[in-house]
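This report examines a protein structure with attention to its charged pairs, one of its helices and its surface. Please keep the sequence and the structure in view while reading.

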Amino acid sequence: MSLNIIVLAKQVPDTRNVGKDAMKADGTINRAALPAIFNPEDLNALEQALRLKDQFPGTKVGVLTMGPPRAGEIIRQGLYRGADTGWLLTDRLFAGADTLATSYALATAIKNIGKVDIVIGGRQAIDGDTAQVGPQVAQKLGLNQVTYAEEIVKIDGGVATIRRHIDGGVETVEAPLPVVITVNGSAAPCRPCNAKLVMKYKRATCPMERTGKEPWSKLYEERDYLTLNQWSVADVKGDASQCGLSGSPTKVKQVQNIVFQAKENKALTGSDEDVNSLVKELLAEKIIG
């Protein structure tokens, strides 16, 4: 049995270094002001997909991402680890998308790709922390979904057995294919890049990433695999009114970087007097009671 797997991945700003210039006046992220990284939980999802590829010969893994041309790096990172192909959704009409518009674009692209057995992605992206895109994609595609996955235990007879890590414990569920799966950060970390694959795909780019002056330009004519798939709204037959800002009812008003600083501290012992004093203070401040 072979599988067709699509990994939803996102290039995100490194939110560990958020400054005052992180947001634009229109409430969208100023991506140029922050370093870009592969969304961590999407890497966990990629590892689950690659494990299935190892288990089922003939399985194809593709990385689907949406973003500016530089987001092609996410596809290359997938190829370096063992993915077979990738698609970059890049178009000014996609810009400024909230989860509703993002899930519409991704679902439309998946329909354009064709037959798929598993769509898998991280639980959430670190730049939004909503955990909405995966379930919304499932809803738009009319597919079964399993969230908070930690491991795809097995696939047998067209049914996936999946272990979920949820509040209060762990549970194992079954879901018929095709299915959309979102993966926790507690899942197995992604394997490192393969040196041979890095050498093979290091020149792989989307057309919009190229300047036309690269010394290796002739390679693009000789090696088809060095040209990554690049799709616009028109290419996926999408409705422009449901994409980007025009299709996004959610607007970010403000982002603040808050640092907690202790103004004072007290040293308490385990004596009855100190304990009683602490309880009275907490009651007076209505912290407990």
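In this predicted model, Glu-47 and Arg-51 form a salt bridge in which the closest N and O atoms are 3.0 Å apart. Both residues belong to helix H1, which covers residues 40-55; because they are four residues apart there, about one helical turn separates them. Is Glu-47 buried or exposed? With a relative accessible area of 5%, Glu-47 is buried, as the cut-off for that class is under 20%. Arg-51, by contrast, has a relative accessible area of 38% and is partly exposed.

A salt bridge also joins the side chains of Arg-191 and Asp-54, at 3.1 Å from N to O. Asp-54 is in helix H1, whereas Arg-191 lies in the loop between S10 and helix H5 (195-201), so this pair ties together parts that are 137 residues apart in sequence. Arg-191 counts as partly exposed, at 23% relative accessibility, and Asp-54 counts as exposed, at 54%.

The pair of Glu-209 and Arg-76 is a further salt bridge, with its closest N and O atoms 2.9 Å apart. Distant parts of the chain are linked here as well: Glu-209 is in the loop between H5 and helix H6 (219-222), Arg-76 is in helix H2 (residues 72-81), and the two are 133 residues apart. Glu-209 is partly exposed, with a relative accessible area of 22%, while Arg-76 is buried, with 9%.

In general terms, side chains of opposite charge can pair when their charged atoms come close. The structure holds 12 salt bridges, and the table lists the pairs described above.

| Salt bridge | N to O distance |
|---|---|
| Glu-47 and Arg-51 | 3.0 Å |
| Arg-191 and Asp-54 | 3.1 Å |
| Glu-209 and Arg-76 | 2.9 Å |

Attention now turns to another helix. Which residues of helix H4 (residues 133-141) are buried? They are Gly-134, Val-137, Ala-138 and Leu-141. Viewed down the axis of H4, these buried residues fall within an arc of 100°, and therefore they line one face of the helix. Their packing partners are strand S1 (4-8), helix H3 (99-113), strand S7 (144-156) and strand S10 (179-183). After H4 comes Gly-142, which has a positive phi, near 70°.

The surface also has a nonpolar part. Val-275, Val-279, Leu-283, Ile-287 and Ile-288 make a nonpolar surface patch of about 410 Å². One of these residues, Ile-287, is located in the segment after helix H7 (272-284). Ile-287 is exposed, its relative accessible area being 59%.

Finally, the protein may be considered as a whole. It contains seven helices and 11 strands. Of its 289 residues, 42% count as buried. Among contacts between residues at least 6 apart in sequence, 70% join residues at least 24 apart. The protein exposes about 16100 Å², and 51% of that area is supplied by carbon and sulfur atoms.

Key:
Residues are numbered from 1 along each chain as its sequence is written. This is a predicted model: local features need pLDDT of at least 70, side-chain atom pairs count only at pLDDT 80 or more; totals for chains, interfaces and linings use all residues. Side-chain values use heavy atoms; hydrogens and water are left out. Patches are made of residues with over 30% relative accessible area and no salt bridge: like charges are joined within 9 Å, nonpolar side chains (Val, Leu, Ile, Met, Phe, Trp, Tyr) within 5 Å. Accessible areas come from the Shrake-Rupley method with a 1.4 Å probe; for residues, only the protein chains shown count as cover. A salt bridge is a side-chain nitrogen of Lys or Arg within 4 Å of a carboxyl oxygen of Asp or Glu. Buried means under 20% relative accessible area, exposed over 50%, partly exposed in between (1.4 Å probe, protein chains only). The arc is that of the directions from the helix axis to the C-beta atoms. Contact means heavy atoms within 4.5 Å.
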